[in-house]
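I set them down in the order in which I looked things up.

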Amino acid sequence: MASTTSPVQSLITNSRFSSLYLSTKKVFLPSCQLLKNRFSPSSRSSCLAFSSLADKKEDWVPMGMLSAKPLTFTGWNQNMRRRCQVEFPVASAAAADADADGLETEISEGHAKPSKSFAERFPALVTGFFFFMWYFLNVIFNILNKKVYNYFPYPYFVSVIHLVVGVAYCLVSWSVGLPKRAPIDKELLILLTPVAFCHALGHVTSNVSFAAVAVSFTHTIKALEPFFNAAASQFVLGHQIPLSLWLSLAPVVIGVSMASLTELSFNWTGFISAMISNVAFTYRSIYSKKAMTGMDSTNVYAYISIIALFFCLPPAIFIEGPQLMQYGFRDAIAKVGLIKFLSDLFWIGMFYHLYNQLATNTLERVAPLTHAVGNVLKRVFVIGFSIVVFGNKISTQTGIGTAIAIAGVAIYSLIKANMEEQKRKAALSAAS
């Protein structure tokens with residue numbers, strides 16, 4: 001810290017050059033490996049001030065202090081020729097401290113500023129990368145997941161694998177401190193258990209639908225999720241839903257109905273399972289709001305995945321266990337081989353966890369309106385790519401109904417996001 005008498009004459013105790021006094025004009029150092037040894041303690045004591053102007057004490061200032069004059073060194077024998085002069089400006093004490101800690105600094109008008117990270121310099125580029133990876137992982141998951149169901153139609157067991165791989169990923173991340181594990185107590189466990197149950201139910205029923213019908217049709221049905229959210233908010237939580245929101249949901253209902261009536265892969269198992277997943281994820285949202293904590297989203301999602309795994313295990317064991325032991329595993333290995341079978345299960349679990357985590361991280365970086373639009377576009381990407389990859393034939397009415405449903409979801413998302421933004425601004429203005 002600088003003294004109150006004169007900041008120019010005070011000593012910077014934290015600087016690596018704190019024991020070296022220099023002339024503001026020129027300083028001549030003997031070639032004694034002083035700088036080469038980076039001012040080791042043994043060399044500091046023997047190499048103090050060297051100058052022919054020793055009698056002018058007022059010109060002596062400790063290096064690291066703010067000064068407009070350059071300092072000149074001679075005899076730097078590490079990267080330059082002997083006896084050449086090297087000049088560099090003296091920065092503030094903050095620069096010396098930052099350099100001592102191994103941090104990069106930017107010198108501007110006598111002040112040391114920490115250099116900005118890549119994310120700080122290019123925030124739009126980083127956000128775009130998050131969206132790209134969110135879409136990419138989601139599309140890859142849906143395609144690979146459906147390919148697995150084509151030769152291994154056991155959605156309860158596959159749902160467990162999704163969570164097992166995700167939980168293993170979380171445990172490894174905690175072990176290396178990325179992120180640091182947040183502690184959980186009994187009260188928080190009680191709050192997260194309903195959320196995890198709804199998450200498990202929605203996850204399993206979604207996979208049952210994926211296994212039973214075309215991926216595009218399942219996502220068309222899941223476009224009804226905003227309708228269930230609005231209904232639960234109105235009739236369960238008692239929140240008044242504006243008429244504009246209800247009207248925006250009409251195209252969603254109409255579009256899904258049109259698509260369902262002429263869907264070539266339609267069956268009641270796939271349809272009902274997708275509808276149950278909509279209800280389950282709606283109640284997951286409700287319980288999530290009640291279980292709001294100060295814990296970061298990454299740790300919350302990790303704990304939800306761990307708890308949900310315990311809910312998914314019993315149905316997988318009792319419903320599909322006997323079939324898997326008799327011929328399920330044997331048939332899958334006979335079709336694709338053991339290595340591919342295991343690698344497919346691993347990668348669908350990894351993609352499932354990562355795309356869900358990236359969706360949460362993306363939401364934290366952008367406004368709700370941007371995320372809502374991105375979520376609608378994500379569903380369009382998944383439906384489009386699944387049709388192209390699997391060559392699913394769809395009728396004209398199914399295509400029109402899907403487009404109407406997606407348009408309705410987009411309108412609903414825009415209206416809902418604008419309402420949330422107005423509430424946030426009103427709360428901020430009231431607080432100020």
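Entry 1, helices H8 and H10. I began with helix H8 (residues 225–235) and H10, which pack with their axes 9 Å apart at an angle of about 50 degrees. I note that the model is a predicted one. I recorded the crossing of H8 and H10 as right-handed.

I next looked up Ala274, which lies in helix H10 (residues 268–290). Is Ala274 buried or exposed? I found a relative accessible area of 0% for Ala274; the cut-off for buried is under 20%, so Ala274 is buried. I then took the separation of the C-alpha atoms of Ala274 and Ala223, which is 9.9 Å. Along the chain, Ala274 and Ala223 are 51 residues apart.

I turned to helix H9 (residues 243–261) and helix H14 (residues 396–431), whose axes cross at roughly 160 degrees and come within 7 Å. Angles over 145 degrees count as roughly antiparallel, and this is therefore the relation of H9 to H14. The crossing of H9 and H14 is left-handed.

How many residues has the largest nonpolar core? I read off 59 residues, and those with the most contacts inside this core are Trp134, Phe152, Phe157, Leu192 and Leu345. I listed the helices that each supply at least two residues of this core: H4 (123–151), H5 (155–175), H6 (186–212), H11 (297–336) and H12 (338–365). Of the residues in this core, H4 gives the most, with 14. I also found a second, separate core of 16 residues, which includes Ala230, Ile241, Ile383 and Val409.

I searched the whole structure for disulfides and found zero. I then looked up two cysteines, Cys170 and Cys198. The relative accessible area of Cys170 is 8%, so Cys170 is buried. For Cys198 the relative accessible area is 7%, and Cys198 is therefore buried.

Methods:
Residues are numbered from 1 along each chain as its sequence is written. This is a predicted model: local features need pLDDT of at least 70, side-chain atom pairs count only at pLDDT 80 or more; totals for chains, interfaces and linings use all residues. Side-chain values use heavy atoms; hydrogens and water are left out. A disulfide is a pair of cysteine sulfur atoms within 2.5 Å. Buried means under 20% relative accessible area, exposed over 50%, partly exposed in between (1.4 Å probe, protein chains only). Axes are lines fitted to C-alpha atoms, for helices over the stretch in contact, and angles run from 0 to 180 degrees between N-to-C directions. Helices (H or I, at least four residues) and strands (E, at least two) are DSSP runs, numbered from the N terminus. Angles under 35 degrees count as roughly parallel, over 145 as roughly antiparallel, 65 to 115 as roughly perpendicular and the rest as oblique. A crossing is left-handed if the near helix is turned anticlockwise from the far one by less than a right angle, and right-handed if clockwise. A nonpolar core is a set of buried Ala, Val, Leu, Ile, Met, Phe, Trp, Tyr and Cys residues joined through side-chain atoms within 4.5 Å.
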